[in-house]
Amino acid sequence: MKHKFLFFFLFVLPCSFVFCQTDEDSNLIYNYSFEEHIACPKRIDPYGYMNEPLGWWQPTSGSADYYNNCGGKQCHVPKNKLGIQMPRTGGSMVGIYCSLTDYREYIETELKEKLLKGETYHLSFWVSLSEYSPEAVATIGGLFTTKMISDTTRQMITNNTTKIVNNVKQNISSFYKPQVVNPFARVLVDTTDWMKIEGDFIAQGGEKFLTIGNFYPAEQSNVNYPKGLRNILPGAYYYVDDVELYCLTCGKTKQEGDIQITRTQDTVTYSVGEVIILENIFFEFDKSILLPQSYVELHNLINLLERKPNMKIEISGHTDNKGKDKYNMELSLNRAKAVYDYLLLAGIDKKRLKYKGYGATKPIADNKTDEGRSKNRRVEFKILNL
């Protein structure tokens with residue numbers, strides 16, 4: 001039986017992969033302060049792609065920026081190409097345009113676990129306006145979605161859906177409505193200190209991704225022109241740090257009639273021979289280089305293997321049927337090996353791991369459609385021993 005790779009897990013210290021109990025354990029955001037990174041940022045590229053901080057990425061072609069005290073001159077802290085600011089904590093932060101113009105930038109991450117329907121959550125993060133900006137805005141917020149947002153736009157993200165009306169396909173575009181947004185009346189003008197954006201919301205259930213940015217057009221963003229800004233940049237540019245998400249009601253005992261009901265996370269059982277798809281493993285196009293979007297899913301697997309020390313698995317790579325068989329077989333093998341190598345670096349004993357590439361020989365969907373081919377391009381693992 002195949003099913004999605006979903007389970008409750010403990011927080012892992014990325015630096016050592018050792019379990020611990022700290023105040024950060026209940027924070028549902030991985031790498032919440034952007035400290036963990038796969039590379040030091042070198043420069044600000046207006047058409048670049050942010051891929052240095054683990055577990056964070058840009059969901060559009062708007063080039064979000066990563067800053068670290070190990071970075072190059074353009075990306076250093078506190079002084080960098082786009083402003084002067086110390087991170088709120090640690091030595092790292094991210095920067096995005098939340099502009100007066102149509103140009104926008106966003107950052108996105110995958111949550112540690114799906115949000116539970118009907119539970120109340122609290123999101124908070126901190127921003128600071130670059131003094132190089134010409135203006136400030138108010139409506140920066142956090143959007144929770146069940147699916148990862150991936151768009152080539154460099155403008156404001158919109159929710160694009162396709163509907164069939166009278167046998168005619170229609171593309172419908174609407175604004176996203178973030179669950180948490182800074183109040184319209186509170187313009188985010190501080191260039192020295194950090195300003196906290198926070199709010200509570202009730203989950204619809206199944207939300208797995210968080211996107212941060214400005215989801216409102218300029219006329220609804222309360223654009224303001226405070227004195228003292230240097231007017232060097234083309235729009236309102238904000239540094240972002242310390243993103244936190246907590247469930248306020250999960251696990252609380254609720255009274256229903258005369259029965260005490262305690263809400264708990266569903267547990268998942270596993271069996272030898274079971275095949276589990278790693279739903280959110282991403283590679284560079286036509287390569288076997290893992291992208292940062294894979295971070296959370298990989299750590300889900302690490303947590304599972306550490307909780308079940310007798311489990312042995314075979315990691316398998318698969319492709320669609322485009323291209324030559326020999327090439328597909330090699331690509332699938334190399335992608336499986338990339339996951340295998342990541343687990344080894346995390347401290348998983350190599351005796352518990354195998355990897356294999358199957359190319360296009362084991363499709364799970366129709367290769368005649370784009371959707372089917374997308375499902376066939378996957379990495380999964382088979383449980384060999386428990």
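Modeller: Start with C98, which is buried at 0% relative accessibility. Keep in mind that this is a predicted model.

Colleague: What is the mean pLDDT of the chain?
Modeller: The mean is 88, and 87% of the residues reach 70 or more.

Colleague: Where does pLDDT stay under 50?
Modeller: Over residues 1–22, a stretch with 67 contacts beyond four places in sequence in the model. Residues 254–266 are also below 50, with 21 contacts beyond near neighbours in sequence.

Colleague: Back to cysteines. How many disulfides does the structure hold?
Modeller: Two. One joins C40 to C70, with 2.1 Å from S to S. The other links C247 and C250, with sulfur atoms 2.0 Å apart.

Colleague: What does the C40 and C70 pair tie together?
Modeller: Parts that are 30 residues apart in sequence, because C40 sits in the loop between strand 1 (2–4) and strand 2 (56–57), while C70 sits in the loop between strand 3 (65–68) and strand 4 (79–80).

Colleague: Left-handed or right-handed, that link of C40 and C70?
Modeller: Left-handed, with -115° about the S-S bond. The C247 and C250 link is right-handed, at 85°.

Colleague: How accessible is C247?
Modeller: C247 is partly exposed, with 23% relative accessible area. C250 is partly exposed too, at 28%.

Colleague: And C75, buried or exposed?
Modeller: Buried, at 1% relative accessible area.

Conventions. Residues numbered from 1 in each chain as written. Predicted model: local features only at pLDDT ≥ 70, side-chain atom pairs only at ≥ 80, totals over all residues. Heavy atoms only, no water. pLDDT = per-residue confidence, 0-100. Contact = heavy atoms within 4.5 Å. Disulfide = S-S within 2.5 Å. Helix = DSSP H or I, 4+ residues; strand = E, 2+ residues; numbered from the N terminus. Buried < 20%, exposed > 50% of the residue type's maximum accessible area, 1.4 Å probe, protein only.
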